[in-house]
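Subject: Structure for your review

Dear colleague,

Please find the structure below, together with its sequence. My notes on what was found in it follow, and I would be grateful if you could read them alongside the model.

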Protein chains: 2
Amino acid sequence: MINIDKNLIQQLNDRIQAGQDKELRAWASDLHATDIAEILDQMRLESASYLYRLLDTEVKADVLIELDEDQRADLLSGMTAEEIAGGVMGQLDSDDATDVLSELPPNKAEEVIGHLENDERASDIRDLLNYEEGTAGAMMAKELVKVQAEWTVTRAIREIRRQAEELHQVYTVYVVDTEDRLTGRLSMKHLLLGAESTRSKIAELQKEEGIVTILAQEPSEKATMLMERYDLVALPVVDSEQKLVGRITIDDAVDSIIEDAERDYQLASGISEDVESSDSVITLTRARLPWLLIGLIGGIGGAYVIGWFDIKENAEMALFIPLIAAMGGNVGVQSAAIVVQGLASSHINTNNLLRRLSKELGVGILNGLICGLIILGVTLLLNFGTSLSITVSLALLCVIIFAALFGTFVPLMLHRYKIDPALATGPFITTVNDIIGLMIYFAVGSLISGLILG
Amino acid sequence: MINIDKNLIQQLNDRIQAGQDKELRAWASDLHATDIAEILDQMRLESASYLYRLLDTEVKADVLIELDEDQRADLLSGMTAEEIAGGVMGQLDSDDATDVLSELPPNKAEEVIGHLENDERASDIRDLLNYEEGTAGAMMAKELVKVQAEWTVTRAIREIRRQAEELHQVYTVYVVDTEDRLTGRLSMKHLLLGAESTRSKIAELQKEEGIVTILAQEPSEKATMLMERYDLVALPVVDSEQKLVGRITIDDAVDSIIEDAERDYQLASGISEDVESSDSVITLTRARLPWLLIGLIGGIGGAYVIGWFDIKENAEMALFIPLIAAMGGNVGVQSAAIVVQGLASSHINTNNLLRRLSKELGVGILNGLICGLIILGVTLLLNFGTSLSITVSLALLCVIIFAALFGTFVPLMLHRYKIDPALATGPFITTVNDIIGLMIYFAVGSLISGLILG
C-alpha cells in the first residue's frame, strides 16, 4: 500500500505542471487501481482528469468504479458519450457499467448505450437496468462461465476458455441444461481433477446437491445473507423458470455488508445521512441536525412534565432528573440494539414477540433491581434523605423495566410493518424514554410525598 | 434455505426417539452444513450428539465449525481424542482445525495432535498455534496451491491437480521461486487460457505486478482491510523473507468484518460483551450492567452539580435539565461515531488532530447556533420567561460546542494510545458530557441571574 499524503499530491501536481507524462504513466503503472482512485479523489478536478487521461484503458475502468461518486460524476461530465462508451465501458463488468450509467444524466446514458459496439453488451446492460433497485437482479453481473451438462469435458474446456477470455475473474463454472436452466456447478478443482477423462460428460462431473441460488426479484439483502451464511464466493441468480441470468460476486456482497453496518452504526449514533469525516461542515451539520431537533422537542416535552409537578416545593427532586433521564435512554437503546442485531442475523422473528418481551422483562427486572438497590444504598449513605432515596430507587426500577420493554417492542413493531428497525435505536426511543422516565419519576415522587404527608 | 422452527425440532426428536437412523441420514444429506449446525444448536445435547454421530465424516467437519461455541464444546467433550482426530480433524482446513483445538482443554488438544495420522497436518497445526492471536498468521490456513516459476505448464498442471485434491476450494495458484519466495500468481483464468502452450514456463504466464501480500505477524485487521480494499478473494501471507507461509480466504475476512461491525455497534449501544438475543437473561443482564453502572455514577455526579446551585431559589431552572443533558450526550455520541468510523476506514489519522478539531468546531458552532436560536424562539413563545429562555439557549450553544469537541478528542486520544476508540462512543462520552453540560447550564444560569439582579 502506498502512503497517500499531501506531499505525494504536491509531487504529482508538480509533474502535471511540468507535463512529465511519461514519468506519470510509469508511476501509475505500478499502482493498484484502488490507490490511484484514492489519489484522484484528493486532487482538484483538472489535475485528476489530466492524470486519468494518461492511464491505460483497462486501468481507467478499474479506477473509475473505485472513485468517490462526486469525483466520478465530475470526470465523466468532462467526457463525451463516445469517449465513455469506447474508453471504459467495454472494460467494465456489466454490473459496474450499469451502476456508472445510472449515475449519468438519462440522455447521456442512452447515448453511451447507443455507442457500445458490442451488441450483446448493450443488451446485457439494458437488461440489468430493468431490475428494480435493491433486488438481486440489480446487484448481479451478467458475466459468467457456463457449460451444458451433455457436453464432453473436451468441449466444455474449449468453451470455458473462450468465455473466460472476456471475464476479469472466473469463480465457478455453472452447468445448465439445453433450456439454460441451472442444474449444477463445476468448481475449478473438479475441472482440474476431472480434465483427464476428456470424453466423459460434464453431467458426471458436476456437483448438483446443495447449490444455493437466488431469484432475480428477491431483495439484495437476501443475496448478501446467503453468501455470508453459506460462505459463497459467487451466487448464481435465476429467474422464475430456474434459468441462469447472472451471478453476484463476493466483493459486491462485502461492500454491501460494510455499507449496511456503517448505516446501522450511524443510525444508532444519531446520524441520519451517510456521511464521512471528510465531508463538508455543512453536510456533517445537516446529517446531525435531525436527531438534535428531535432531542429539542423531547427536551421541551420534559420541561412540561417537570412543570406539572410542583418543583418549587420539592426542589430536591430536581437533583436526580439527569439520572432518571439518562438511565431510561440507555436501557432503551441497549434493548433496541439487541433486537436490531437479532433481526439482522435472523435470530429473532416477529412470531415470538411475547417470548422476546417476557425475556426482556426478566432482564429489565434484574437490571432494575440491581441498579435500584445500589442507588438506594448510595443515596441513603450520602444523606439525600429517606423519602428522596426511596423515590429515586423505586422510580429507577420502574423506568428500567419500562425502557427495556419499550426498547424491545418498538423495533419489533417497526419490523412487522416493514419499516427499518434500526431507526428505533436512534432518536425515537431515547426521547420517548426520557419523557416517560420523567413522568414515572414525578408520579412516584408525588405518591411517596403523598404517603409521607398523609 | 430450510425453515428451522419448533415443529422441525420436534419431528427430529420424534425420529431420534424412534431410532429412525436411515431416515435421519437421508434427511441430513440434503441439507447444507450451516443449516444442520443451526438445527443442532437448537437441540438438547443428547439429541444433538445422536444426530451428529449419524453424519458423514466430511459433513461432520463442516457442521462442527458452524456450531455455536458452547454447543461445539459440549459435543467435543463427549468424544475421545482419537475420535476427534480421526473423525473430523482430517477434514477440516488447518485454520479451522487450529481454532477447534484452541477451544479444547490443553491436554486433550495435545492428545488430538498426537493422534493425527498425517505428519504434515500435525506440523501445520502446531505451526499455526504458534502465531499470536489477532495476527494474520493466526487467521491464515496452510492449505494452498503453489507452483514453481521455472516449471513447464504441463508439470504445473500435474502438480496443481495433486495439490487440489486435498483442498476444499482453489482460489488462486501461487508462484514461488526455488526458495519458496512468492513471485507472482496464476489466476484460474490464465491457467485455462495458457494451458494450451504446455511447454512454456510458468514464469511467462504468471502475473507479477500488483500482488498484495501481508506479513504473518501483522494484525489480522490489516488483512481484512486489504482484502476489502483491493477486492481480493484470497490474500497470501508471507514471512519476513517473503516466503509464502499460508493464505487468508474471503469467507474468514467476511466473518471478521461482521464480527467487528457487531462489536462496534454493541459498544455504541452500551453493551459490553458479545451477546445475542438468544443468550440467557443472566448473560444479557451482565452485558448491559457496566454501562448502566457508569450511568448511575454519572447520575449521582449530576445530583451534586445541581446541588451546588441554589435550585430552590431558581426552581424553574430544573425544567430544562433533561434538555441540556440529552443534547450534550447526543452531540458527543455523534462526533465520536464519525471519528470511530473515520479511523476504521483510515480516512482519519491522528496526525491531523488539529484539523479534525477545527472542523468539528465548525459543525458544533453551526449546530449550536441553529438549536440555540430554535430553543430561544420556542421558549420565548411558550412564555418560559426571558431570563430562563436566554439561559437555556446560551447554555445549549456552549454545551453543543463543548460536546462536539470532546466527542472528537476522546476517541482520537484513545486511538493514539492504542486503546480501541469504539469504547468512547458508549458510556464514557455520554456520562461526562451529561455532567459538564449541567455545569455549563448552571454556570450560565448564575451568570444571567447575577446580571439581571445586578
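Two strands are taken to pair if DSSP finds at least two bridges between them. With that criterion in mind, please also note that this is a predicted model.

In chain B, strand β4 (residues 214-215) is connected to β5(B) by two bridges, and the two run parallel. Ile214(B) is placed opposite Val237(B) in β5(B). On to strand β6 (residues 244-249) of chain B, β5(B) makes five bridges, and this pair is antiparallel. One of the residues involved is Pro236(B), whose bridge partner in β6(B) is Arg247(B). β5(B) and β6(B) form a hairpin with five residues between them. In the turn, Gln242(B) has a positive phi of about 70°. Strand β5 (residues 234-238) of chain B is mostly covered, with four of its five residues buried.

**The sheet β1-β2-β3 of chain B**

A further open sheet in chain B has three strands in the order β1-β2-β3, and its pairing is mixed. β1 (145-148) and β3 (182-186) of chain B stand at the edges with a single partner strand each, so one side of each is left without a neighbour in the sheet. From one strand to the next, the twist averages 35°. Four bridges link β1(B) to strand β2 (residues 173-176) of chain B, and these strands run parallel. Val145(B) has Val173(B) in β2(B) as its bridge partner. Helix α12(B) packs on this sheet and touches β1 and β2 of chain B; its direction makes about 155° with that of β1(B).

Arg161(B) lies in helix α12 of chain B. Is this residue buried, exposed or partly exposed? Arg161(B) counts as partly exposed because it has 16 C-beta neighbours inside 10 Å, whereas 20 or more would be needed for a buried residue. Its C-alpha atom is 52 Å from that of Val281(B), which is 120 residues away in sequence.

**Helix packing in chain B**

Two helix pairs were examined. The axes of α19(B) and helix α20 (residues 386-416) of chain B come within 8 Å and cross at roughly 155°. This angle makes α19(B) roughly antiparallel to α20(B). The crossing of α19(B) past α20(B) is right-handed. The residues of this contact comprise 20 nonpolar, eight polar and two charged.

For helix α1 (residues 6-17) and helix α4 (residues 45-54) of chain B, the axes come within 11 Å and cross at roughly 70°. The two helices α1(B) and α4(B) are therefore roughly perpendicular to each other. Here Leu12(B), Asn13(B) and Ile16(B) of α1(B) meet Ser47(B), Tyr50(B) and Leu51(B) of α4(B).

**The contact between the chains**

In the interface, 90 residues of chain B are in contact with 90 residues of chain A. Several helices of chain B each supply at least two residues of the side that touches chain A, among them α12 (153-164), α16 (250-268), α17 (281-308) and α21 (427-453). The largest share of that side, 16 residues, comes from α17(B). By type, the residues of the side of chain B that touches chain A are 52 nonpolar, 24 polar and 14 charged.

Ala303(B) is located in helix α17 of chain B. With 23 other C-beta atoms within 10 Å, Ala303(B) is buried. Beyond its neighbours within four places in sequence, Ala303(B) is in contact with Leu319(A), Phe320(A) and Leu323(A). Within chain B, the C-alpha atoms of Ala303(B) and Ile435(B) are separated by 9.1 Å, although the two residues are 132 residues apart along the chain.

With kind regards

Technical notes: Residues are numbered from 1 along each chain as its sequence is written. Chains are lettered from A and ligands numbered from 1 in the order in which they are written. This is a predicted model: local features need pLDDT of at least 70, side-chain atom pairs count only at pLDDT 80 or more; totals for chains, interfaces and linings use all residues. Two residues are in contact if their C-beta atoms, placed from the backbone, lie within 7 Å. Ala, Val, Leu, Ile, Met, Phe, Trp, Tyr, Cys and Pro count as nonpolar, Asp, Glu, Lys and Arg as charged, and the others, Gly among them, as polar. A residue is buried if 20 or more other C-beta atoms lie within 10 Å of its own, exposed if 12 or fewer, and partly exposed in between; C-beta atoms are placed from the backbone. Axes are lines fitted to C-alpha atoms, for helices over the stretch in contact, and angles run from 0 to 180 degrees between N-to-C directions. Angles under 35 degrees count as roughly parallel, over 145 as roughly antiparallel, 65 to 115 as roughly perpendicular and the rest as oblique. A crossing is left-handed if the near helix is turned anticlockwise from the far one by less than a right angle, and right-handed if clockwise.
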